[in-house]
Amino acid sequence: MSDLSPSLADPLKEANEPSSPVARFGPEAPLLMDCGVVLDHWQIAYQTYGTLNADKSNAVLVCHALTGDQYVASRNPITGKGGWWTAMIGPGKPIDTDRFFVICANVVGGCTGTTGPASTNPATGKPWGLSFPVVTIRDMVRAQAALIDSLGIETLFCVAGGSMGGMQVLQWAASYPGRVFSALPLATGAKHSAQNIAFHEVGRQAVMADPDWRQGRYLEEGTRPSKGLSVARMGAHITYLSEQALHRKFGRKLQDREAPTFSFDADFQVESYLRHQGLSFVERFDANSYLYVTRAMDYFDLAADHDGVLARAFAGTKTRFCVASFTSDWLFPTADSRAIVHALNAAGASVSFVELESDKGHDAFLLEEPNLFATTRGFIGAAARARGL
């Protein structure tokens, strides 16, 4: 791992003692996981923005995507960069922190303060590593529900998120329908496709093929599988973009040279860009967490939890939904969103759907997209009026 500026936090320390608030739970509030393991000492790290109103009816839970964290609208202490969704969240923005109390938590299995493989196992005093139980999206949501309980909030005005965050939104609506007034799942699906599982497996194999991975014991042995994790990130990052976006940004332009070097250096700008993405990622993310969180996405299949019928996941729901997809998103194409909408319609739910024109690919939900902002602002505004906010 490259040296970080002294002003930035140590990623390994952040795994146990995050810079953000943290809720800790003991045997009185164990986390029951889908794999059958019970965590009787665990914690969840989170950030909040805005002010909770007197009757605690204005809380918005934002669920992060695969490599996100709790710093949705504030400086990340590890990278020093701003929040990952400041385009959407802040004063006067679609999720208005002058109006709503926004909560964002690091997921179980993550590496920014919520219990995961980089955390210390209280039974051994060593990092959990691969002895940490395998995590599901439903486990992540259970942990978030415990956090919401600890904050004294009974119902959430809105649960919002894209990609893996959108999976959590759907799981919230299925697991706790009475606690979710409105739901905003973006660029997501009710199950992970075979193609997406395949891409994740390539990334996991890249990590595990790195000699410094040490069968997942690299933290104990003082190594980091940086090369493998970097390659995994490079491969995944391509799936977040679109061919149009790559062509528009890079084309076949060379990187700081007039002609090819006839070597395997990064001759093309797109190569240099991907290498930068990979190297910067390993400075902030734990390799084992990457294995766990990608696996959680792979296992997600909401219909399978309801006898193969997705509509049954939302039976009787009173939650208001707004589902959005992007035309150039081939990771979670519009067909995935339509399947969610059809199930919600079959369940008699209140749902609106929009396919947004964009050539930015899957990551469009994180970027400056005026049509997304208009859609979100309209949906949240109408829901707020219905809620009396």
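Here is a walk through one annotated site and the helices around it. Keep in mind that this is a predicted model.

The UniProt record, an unreviewed entry, places "domain: AB hydrolase-1" at residues 58-368.

Take Arg 233 to begin with. You'll find Arg 233 in helix α6, which covers residues 226-240. Is Arg 233 buried or exposed? Its relative accessibility is 9%, so Arg 233 counts as buried, the cut-off for that label being under 20%. What does Arg 233 touch, once its neighbours within four places in sequence are set aside? The contacts are Thr 67, Tyr 240, Gln 277, Gly 278, Phe 281 and Arg 284. With Thr 67 there is also a polar contact, side chain to side chain, at 3.3 Å.

Gln 277, from that contact list, belongs to helix α8 (residues 269-282). Gln 277 is buried too, with a relative accessible area of 16%. Leaving out residues within four places in sequence, Gln 277 is in contact with Arg 233 and His 237.

His 237 is a handy bridge to the other listed residue. Asp 363 touches His 237 and Tyr 240, again not counting residues up to four places away in sequence. Tyr 240, in turn, is one of the contacts of Arg 233. As for where Asp 363 sits, look in the loop between β12 (350-356) and α11 (370-387). Asp 363 has 16% relative accessibility and so counts as buried.

Finally, back to α6 and a helix it packs against. Helix α4 (residues 194-209) and α6 meet at an angle of about 165°, their axes 7 Å apart. Because of that angle, α4 is roughly antiparallel to α6, a label that applies to angles over 145 degrees. On the α4 side, the contact is made by Phe 199, Gly 203, Ala 206 and Val 207. On the α6 side, Gly 228, Leu 229, Val 231, Ala 232 and Thr 239 take part. The crossing of α4 past α6 is right-handed.

How values were computed. Residues numbered from 1 in each chain as written. Predicted model: local features only at pLDDT ≥ 70, side-chain atom pairs only at ≥ 80, totals over all residues. Heavy atoms only, no water. UniProt positions renumbered as here; feature names shortened; annotations may be inferred. Helix = DSSP H or I, 4+ residues; strand = E, 2+ residues; numbered from the N terminus. Buried < 20%, exposed > 50% of the residue type's maximum accessible area, 1.4 Å probe, protein only. Contact = heavy atoms within 4.5 Å. Polar contact = N/O pair within 3.5 Å; in protein donor to acceptor, adjacent residues only side chain to side chain. Axes fitted to C-alpha atoms, helices over the stretch in contact; angles between N-to-C directions. Parallel < 35°, antiparallel > 145°, perpendicular 65-115°, else oblique. Left-handed = near helix turned anticlockwise from the far one by under 90°.
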